[in-house]
Amino acid sequence: QVQLVESGGGLVQPGGSLRLSCAASGSIFSIYAMGWYFQAPGKQRELVATITGTGSTNYADSVKGRFTISRDNAKNTVYLQMNSLKPEDTAVYYCNADVRTVRGRLNSWGQGTQVTVSS
């Protein structure tokens, strides 16, 4: 079993910044990749950014140049630094981890954290 605990969401004005964190715990041998997805009301969950175990990153076009994903391998934690936030970034942000455990490969989701961008 793998647990993902997210933090850092909240209310911010347009142009502001937030930093999300997601810590993975459990019987983890290694992490293939971690990432962030967002889901706005009435819409499907979409990719924000991912980072592999070797540090390769991938971003949605809508966040390139504004968001930065990073990870601390020693802490099994992934971060999402969000700058120049826009109202359309408002959504629930979910952490995802693709990991290797004693039972094999496992994909897990966090509970989500709300990000609201509004004046």
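Visitor: What pattern does the protein follow, read along the sequence?
Guide: Keep in mind that this is a predicted model. The protein has zero helices and 11 strands. Reading along the sequence, you get the pattern β-β-β-β-β-β-β-β-β-β-β.

Visitor: What radius of gyration does the protein have?
Guide: The C-alpha atoms fill a box of roughly 45 × 25 × 20 Å along the principal axes. With 119 residues, a compact globule would come out near 14 Å, and the protein agrees with that, so the value is 14 Å.

Visitor: How much of the contact count in the protein comes from residues 24 or more positions apart?
Guide: Here we look at contacts with a separation of 6 or more. Of those, the share from residues 24 or more positions apart is 54%.

Visitor: Which residues touch the most other members of the largest nonpolar core?
Guide: In soluble globular proteins, nonpolar side chains tend to be buried together. The largest nonpolar core here has 32 residues. Strands that each supply at least two of its residues include β1 (2-7), β4 (28-39) and β9 (91-101). The members that touch the most others are Met34, Trp36, Val48, Leu80, Met82 and Tyr93.

Visitor: Is cysteine 95 buried or exposed?
Guide: You'll find cysteine 95 in strand β9. Leaving aside neighbours within four places, its contacts include Leu4, Cys22, Trp36 and Ser108. Its relative accessibility is 0%, so cysteine 95 counts as buried.

Visitor: How far apart in space are cysteine 95 and cysteine 22?
Guide: In sequence, these two cysteines are 73 residues apart. Cys22 is also among the contacts of cysteine 95. From C-alpha to C-alpha, the separation in space is 6.4 Å.

Visitor: Why does serine 108 count as buried?
Guide: Serine 108 lies in strand β10 (residues 104-109). Not counting residues up to four places away in sequence, it touches Val2, Leu4, Cys95, Asn96 and Ala97. Buried means under 20% relative accessible area. Serine 108 counts as buried because its relative accessibility is 9%.

Visitor: How many salt bridges does a search of the whole structure find?
Guide: Side chains of opposite charge can pair when their charged atoms come close. Searching the whole structure, the number of salt bridges is three.

Visitor: Which residue forms a salt bridge with aspartate 89?
Guide: The closest N and O atoms of this pair are 2.8 Å apart. The pair links distant parts of the chain, with aspartate 89 in the loop between β8 and β9 and its partner in the loop between β6 (57-59) and β7, 23 residues apart. Both residues are buried. The partner is arginine 66.

Visitor: In the salt bridge of aspartate 98 with arginine 105, how far apart are the closest N and O atoms?
Guide: Aspartate 98 counts as buried, at 14% relative accessibility. Arginine 105 is exposed, with a relative accessible area of 58%. The closest N and O atoms of the pair are apart by 2.6 Å.

Conventions: Residues numbered from 1 in each chain as written. Predicted model: local features only at pLDDT ≥ 70, side-chain atom pairs only at ≥ 80, totals over all residues. Heavy atoms only, no water. Helix = DSSP H or I, 4+ residues; strand = E, 2+ residues; numbered from the N terminus. Buried < 20%, exposed > 50% of the residue type's maximum accessible area, 1.4 Å probe, protein only. Contact = heavy atoms within 4.5 Å. Core = buried A, V, L, I, M, F, W, Y, C linked by side-chain atoms within 4.5 Å. Salt bridge = Lys/Arg side-chain N within 4 Å of Asp/Glu carboxyl O. Rg over C-alpha atoms; globule rule 2.2 N^0.38 Å.
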